[in-house]
Each structure stands twice: as structure tokens, then as C-alpha cells.
Amino acid sequence: MRVTVVGMGSMGQAFATRALERGHHVTVWNRSPGRTAAVVAKGAVDAPLESAVREADVVLLVLSDDEAVLDVCGRDGGILSSLGSSTVLANVSTVAPDTVRQLASAGPTDRVLDAPVMGAPENVAAGHCRFFVGGPLPTIRSCEPLWADLSVGYTPCGPVGMASVMKLVSNLLLITGVASLAEAIATARGHGVSDELLQEVFGESPVISFTSALRLKSVIDPDHPGWFSPTLARKDLRLAVGLAQEAGLPVRVGPATDALLTTVVESGEEWPDFSAVIEALS
């Protein structure tokens, strides 16, 4: 398939690389220059936005936030006005459900999909991620060769917007779970428990979710390696809390985690991963 990847952050580059390795013709575009060089060296084509999306079978939109998505898609022409007659636009970015619904409303009928993904860049590069997909089933199924090549599969979630709901509540579990893990580690350290014992016990503990366990070493490591920054984690958490508030729920855990992440974000330190939330408990 002819695949265009818009956005060359770590996730966008991983998608482009995986698509190339699976034999797709890949075109890439990024708002700021210099970010496409690595995937172009692997065989991708760097093209102007209009031609990149007009000639594609599927456009994967992989951007950082709602503002970036709306800016690239609709202002000063943008993607929606440049799509080819049969091009499918799949928004992989983690955004509010209303944002992707705006795209579907403004774009060509039945050719805009809500397609956030669960998985880190290394999972994407290895094809081990999973898509949540919202939109018309015939359009979703028309992209099945791409879903199969890029991931372990996809879960249809209903109309556009519902996949974003599922992604945000999944991230709510991930982020608050890691914050709870950080609190447990900080408490244990306060009573003299060694990091070695913490890794031994928590690494095998059934009370820790699989996704939290993946960040155990990063929480303990003072450098907090990873890719999901505290700023991005807080953005997703706030979107999830907003959904809960829209539903009239008296949420408590999300806002408490937000306060911890805000302490980390405003500390002035550039931690690579939100596992640095433990720094707010030091």
C-alpha cells in the first residue's frame, strides 16, 4: 500500500520504519525540517504535505496533541483539503474524542478513522502494538493489510471517537498505576528497603499490572529512561479526567496523579519518561 506518515516523532518514525520493512511504499512529512532524514535513509520519500496525502492509500497522522492535529488537518488548507479521492485518513495521535470527531465531520464521508495505538515505539517497530479503531467497518476492513503488517491486530470500538475514549481510559490506568507503584517504592525506601529487593519482589508480584511492571526499572532508575514524557503523560491524563468529568463522575485518583506530574513537569528537569513521577514523592 501507499502509506504516508505525518509526524516524525519517535512513534511516527517507528511506524514509517515498520511499514518500509513490510514492503509498503512510504512517504513522510514533518512540520519542522530535519526530522525525516533517518527514515528517508531507509527508503522513505520526503514530500510536500499536499502531494504526500493526495497520492496515499492511507495517511497515518502521528502527532503530539490536539492542537497539532487540528493545525495540520484544517488550517491554511491542510490535510483534509488535500486527500485523494480514495485516501483514508487514520488519526493515530492520542487526542480528545471530540477532536477526531471534528476531523470526521469536516473530512470526506466515511474515510476518516480514529486509530490510536497501544504500545511504545519499540513495540511499533517490532509490530507488537495493537490499534483501537473507530469508524465505519468497511473502511476499517479496507485497511486490514496495513493493520496486519503494523501490529498484532486491531479492536473495532464503534463510531469515530470511541477508540480515543478507549485509548484515554487505558492510559488513565497506565499512568495512575505507575504513580501508585512510585508511591509504594518511595514508601518502601523510606523504611530502608533496598532497590534490589524492590525489583526482586515487585518484578514477580501479581499485584502489579503488566504495564506498570514494564516501568519498574525506570521508576527505580534515577535517570528514568523511556519515551513517554511527563508532559505528554499529563496531557493524556487530563483528557481522561475530562471524560470522567463529562460523565459526571467525582474523580479523585486522576487529579491526584495530575498534581504529582505537575510537580515533575514544573521542576525544570527534562525527565525522558513519566516514571519520574517518583521525584514528586522524594
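Which residues does Asp258 touch, not counting residues up to four places away in sequence? Arg234, Leu237 and Arg238, where contact means heavy atoms within 4.5 Å.

Hi everyone, a word on what we're looking at. This is a predicted model, where local features need pLDDT of at least 70 and side-chain atom pairs count only at pLDDT 80 or more, while totals for chains, interfaces and linings use all residues. Residues are numbered from 1 along each chain as its sequence is written, and side-chain values use heavy atoms, with hydrogens and water left out.

Back to Asp258, then. You'll find Asp258 in helix 14, residues 253–265. Helices here are DSSP runs of H or I with at least four residues, strands are E runs of at least two, and both are numbered from the N terminus. Asp258 counts as buried because its relative accessibility is 14%; buried is under 20% relative accessible area, exposed is over 50%, and partly exposed is in between, using a 1.4 Å probe and protein chains only.

Next, the cysteines. How many disulfides are there? The count is 0, with a disulfide being a pair of cysteine sulfur atoms within 2.5 Å. For Cys73, the nearest cysteine sulfur is that of Cys143, 16 Å away. Cys143 has its closest cysteine sulfur in Cys129, and at 14 Å that's too far for a bond. Cys73 is buried, at 1% relative accessible area, and Cys143 is buried too, at 1%.

Strand 7 runs antiparallel to strand 8, residues 130–133, over 2 bridges, and Val117 has Phe131 as its bridge partner in strand 8.

Last stop, the largest pocket, with a volume of about 1,200 Å³. A pocket is an open set of points on a 1 Å grid over the protein atoms alone, where a 1.4 Å probe fits, with protein on both sides within 12 Å along at least five of seven lines; lining residues have an atom within 4 Å of a point. Of the 42 lining residues, the closest to the centre include Met11, Gly119 and Trp227. Helix 1 gives the most to the lining, 4 residues.

Terms used:
Two strands pair if DSSP finds at least two bridges between them. Grid points are joined across faces, edges and corners, and a volume is the space filled by probe spheres set on the points.
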